[in-house]
Every structure is written in C-alpha cells, then in structure tokens.
Amino acid sequence: MPILGPVATALPPNRLPQTELRTVAEAIIPDGPGKADILEVFGNARIDARNLAQPVPWYLERHGHKDRAAVFQSVGLDLVEEAATGALAAAKLEPSDLDGILLVSTTGLATPSLDARLMNRMALRPDLARMPIWGLGCAGGVGGLNRAADLARGNPDGHYLLVCMELCSLLFDIERAMGFGGAGPDKKAVIAAALFGDGAAGLVVSGDDSGANGLRHLAGRSHLFPDTERVMGWDVQDHNLDVVLSPKIPDLVAREMRGLVESFLREHNRGQPADRLILHPGGAKVVDAYETALGLKPEALRPTHEALRKQGNMSSPTVLFALKETLDAGLLRKGQRGLLGALGPGFASEMALVEA
C-alpha cells in the first residue's frame with residue numbers, strides 16, 4: 001500500500017491578525033445599514049490570523065488577471081519550492097529520487113504550470129511524470145493525495161511528490177466587497193475576505209516496495225453531488241474570478257456527510273468508525289455541520305479547529321495542515337486509522353483512509 005511521508009508546510013510572509021483585517025474592512029466599507037452585521041463575519045470566523053501573498057495595500061487597489069497571475073507565478077512558485085524542499089527533506093529523499101510530481105492549485109494560472117517551473121529550480125529529473133491538477137478547490141488536498149496514491153500503487157518502487165498551493169487572497173475583489181459604485185457591500189465577498197488565506201503543503205507518497213516509512217494509504221473515494229454546480233466555485237469575470245459560495249453549504253454537509261462517511265467506512269474499514277477524523281475546515285459553520293452530522297464533540301475535530309484558527313481556509317492545503325496538526329500532537333497512534341475528508345467545487349467530496 002502507498003506510504004505517506006511527513007507533511008511540510010510553507011506560508012507567505014505577510015501575517016495579519018484577524019482583528020487587524022477587520023479594522024481595515026471597517027475603515028473602507030461605506031457606512032450604511034447592515035455594515036455592523038457584515039463586519040461581524042471577521043469575529044465569527046474563529047480565525048486568529050492568516051498569511052497573505054501581498055501586503056494589505058496591494059489588495060486595496062484594482063488588479064486584473066495580469067497582475068494577479070504575476071503574483072501567483074512568483075510568490076506561488078516560492079511556496080511550492082519551499083513545501084517541496086521540506087517534504088523531500090522530511091522523507092529523507094533527494095530530488096533525483098522522485099518519479100513524479102502532482103501540483104494542486106485552483107487560485108491562479110500559469111503555463112508552463114508551476115510544477116514544470118519547479119523542475120527547473122530544483123533540477124528534478126526531466127523524465128518525471130507531471131500532473132498539474134486544477135479545479136478541485138478545497139477538495140484538492142485529499143483528491144491530490146488519492147491521485148498520488150494511485151500512481152504509487154502502479155509503481156511500488158516509486159516516489160511521488162504532492163504539493164498543494166493556493167493564493168486565495170489574489171481573488172479578493174475590493175470593488176464588490178466594499179460596494180464601490182453604489183451597489184452596497186457584497187456580503188459574500190466580505191465572507192471570503194474574512195475566511196480565506198494563502199499557503200502550501202507538500203508530502204511524498206511512495207510505493208510499498210520503496211522502503212519508505214509513514215502512514216499507509218488504504219483507500220480513497222470521490223463523490224459528486226448531483227445538480228450542485230452553483231454551491232461552490234468561481235464565476236469568470238473580465239478582471240477577476242468571482243467567488244460562488246452558497247449559504248446552503250452547512251445544511252448540505254449536515255444532511256449528507258454521515259451517509260458518505262458511513263458508506264466509505266463500511267466498504268473499506270469493516271464498517272467500523274475511524275479512530276480519528278481529519279477534515280478540511282471549510283469555515284466555522286461547516287465545521288459545526290460536520291459535528292452535527294457525525295454526532296461529534298468539538299474535541300474530536302481539534303486538529304481541524306486548530307488549522308482553521310491558525311491559518312483560516314487556504315483551500316486545498318488546509319486539510320494537510322490539519323493532518324500535520326494530528327501527527328504532531330500524537331493523535332494517530334500505531335495501528336490506528338484516520339479518515340481524511342474535504343469538500344469542494346462540483347459540489348464534491350474527497351475522502352481517504354490512512355493507517356499509522
């Protein structure tokens with residue numbers, strides 16, 4: 001079975017407390033009915049601070065696709081390299097040991113893709129299998145892990161580097177969020193500004209004949225909910241991608257999550273509960289919906305809460321931050337099994353079962 005190496009993380013240097021970001025929003029949102037309610041989303045997000053690709057003044061200017069892409073390709077590649085270097089070091093591997101690289105990201109565009117650019121920076125082998133994965137959004141961390149495991153199963157001697165990197169802040173739309181032009185503040189855009197952060201995480205997934213040590217990847221599953229295209233995603237606008245974020249997401253999670261988890265575990269874990277749940281923190285209300293659906297106390301999802309509190313929702317890498325929190329705290333002991341889960345555009349679910 002595929003083996004998961006330790007998780008390495010990388011963050012951009014601009015770290016800002018949530019209270020400071022709320023103060024910025026308060027200063028620039030025009031006064032009017034409902035302003036106080038809109039600002040409350042910063043306090044209700046259960047986030048202490050987030051790291052952003054650029055200093056705050058950059059986000060208060062108008063930027064089109066060209067500016068955003070330039071930052072994505074520059075700052076993003078730096079983060080990808082840092083996470084990749086850390087993952088290789090943690091797995092005690094050299095760049096030449098890799099047989100493939102999977103780069104998961106949905107918050108920017110680059111052609112050649114960032115994995116190709118990384119190969120030049122790190123002098124990786126030119127015959128690496130490359131798999132840039134775009135469009136999975138928040139589900140990309142677990143989805144990418146499952147695809148890397150598929151490759152490792154097909155090459156039991158191989159090593160595959162997975163890096164998830166997102167710069168969610170580059171998609172912040174100051175004009176919509178602050179209601180410039182007389183339209184009034186867009187609460188959906190403000191919620192995104194109060195929730196999403198930037199970062200990267202990586203790990204090496206190796207075949208079971210490779211000599212690697214770590215968690216074993218037992219199984220994975222994807223699930224697409226029918227007729228839910230407008231639940232989460234991006235609308236392509238002339239100068240930006242406009243976030244699609246339905247308020248129905250927590251209700252959908254509360255209604256559907258138990259059935260998904262039980263079905264998966266019935267097939268792959270003899271119907272037994274997982275010893276530890278490691279879930280992507282889509283937001284405070286989504287975490288509450290997990291707890292409602294699965295009958296959990298907050299302590300059961302402590303790594304999920306901690307990942308959200310420390311960094312906000314960074315989209316695809318966040319579940320790997322939660323996995324690192326789990327392992328660093330010793331919450332998955334030898335022989336125990338953990339269920340990783342994440343939800344993303346589609347509306348879709350990705351799950352993976354691992355064993356320590």
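Visitor: Which residues lie nearest the centre of the largest cavity?

Guide: This is a predicted model. In it, Arg 50, Ser 169, Phe 172, Ala 192 and Ala 193 lie nearest the centre of the largest cavity. They belong to a lining of 27 residues.

Visitor: Why is that space called a cavity?

Guide: A cavity is a set of points where a 1.4 Å probe fits but cannot get out. The largest cavity holds about 400 Å³ of space. The structure has two cavities of 30 Å³ or more.

Visitor: Which elements give two or more residues to the lining of the largest cavity?

Guide: They are α1 (18-28), β4 (49-52), α3 (56-59), α7 (174-178), α8 and β11. By class, this lining has 22 nonpolar, one polar and four charged residues.

Visitor: What lines the second largest cavity?

Guide: Its lining includes Tyr 59, Glu 61, Arg 62, Phe 172 and His 239. The space in the second largest cavity is about 40 Å³. Three lining residues are nonpolar, two are polar and five are charged.

Visitor: What makes a space a pocket?

Guide: A pocket is an open set of points, with protein on both sides within 12 Å along at least five of seven lines. The largest pocket has a volume of about 840 Å³. Of its 37 lining residues, Ile 191, Leu 195, Leu 245, Gly 282 and Gly 283 are the closest to its centre.

Visitor: Which element supplies the largest share of that lining?

Guide: Helix α8 does, with five residues. Elements that each supply at least two include α2 (35-44), β10 (232-236) and α10 (284-294). The lining of the largest pocket has 21 nonpolar, 11 polar and five charged residues.

Visitor: What is the volume of the second largest pocket?

Guide: About 340 Å³. Among its 15 lining residues, the closest to the centre are Val 261, Leu 265, Pro 273, Ala 274 and Leu 277. α9 gives the most to this lining, with five residues. β12 (276-279) supplies at least two. By class, the lining of the second largest pocket has eight nonpolar, two polar and five charged residues.

Visitor: Why is Arg 337 called buried?

Guide: Its relative accessible area is 14%. Buried means under 20%, so Arg 337 counts as buried.

Visitor: What does Arg 337 touch, not counting residues up to four places away in sequence?

Guide: Its contacts include Leu 218, His 268, Asp 275, Leu 332 and Glu 355. Ala 274 is another residue that Arg 337 touches. Arg 337 itself lies in strand β13 (residues 337-344).

Visitor: How do you know that strand β5 is largely enclosed by the rest of the structure?

Guide: Strand β5 covers residues 100-104, and five of its five residues are buried, so it is largely enclosed. Gly 100, Leu 102 and Val 104 point one way, while Ile 101 and Leu 103 point the other way. All are buried.

Visitor: What makes β5 and β6 a pair?

Guide: Two strands pair if there are at least two bridges between them. β5 and strand β6 (residues 129-133) have five, in the parallel sense, so they count as a pair. Gly 100 stands opposite Ala 129 in β6. From β5, the chain crosses through helix α5 (residues 114-122) to β6, and this β-α-β crossover is right-handed.

Notes. Residues numbered from 1 in each chain as written. Predicted model: local features only at pLDDT ≥ 70, side-chain atom pairs only at ≥ 80, totals over all residues. Heavy atoms only, no water. 1 Å grid on protein atoms, 1.4 Å probe; cavity = no way out; pocket = protein on both sides within 12 Å on 5 of 7 lines; lining within 4 Å. Points joined across faces, edges and corners; volume = space filled by probe spheres on them. Helix = DSSP H or I, 4+ residues; strand = E, 2+ residues; numbered from the N terminus. Nonpolar A, V, L, I, M, F, W, Y, C, P; charged D, E, K, R; others polar. Buried < 20%, exposed > 50% of the residue type's maximum accessible area, 1.4 Å probe, protein only. Contact = heavy atoms within 4.5 Å. Right-handed = clockwise from strand over helix to strand, strands pointing away.
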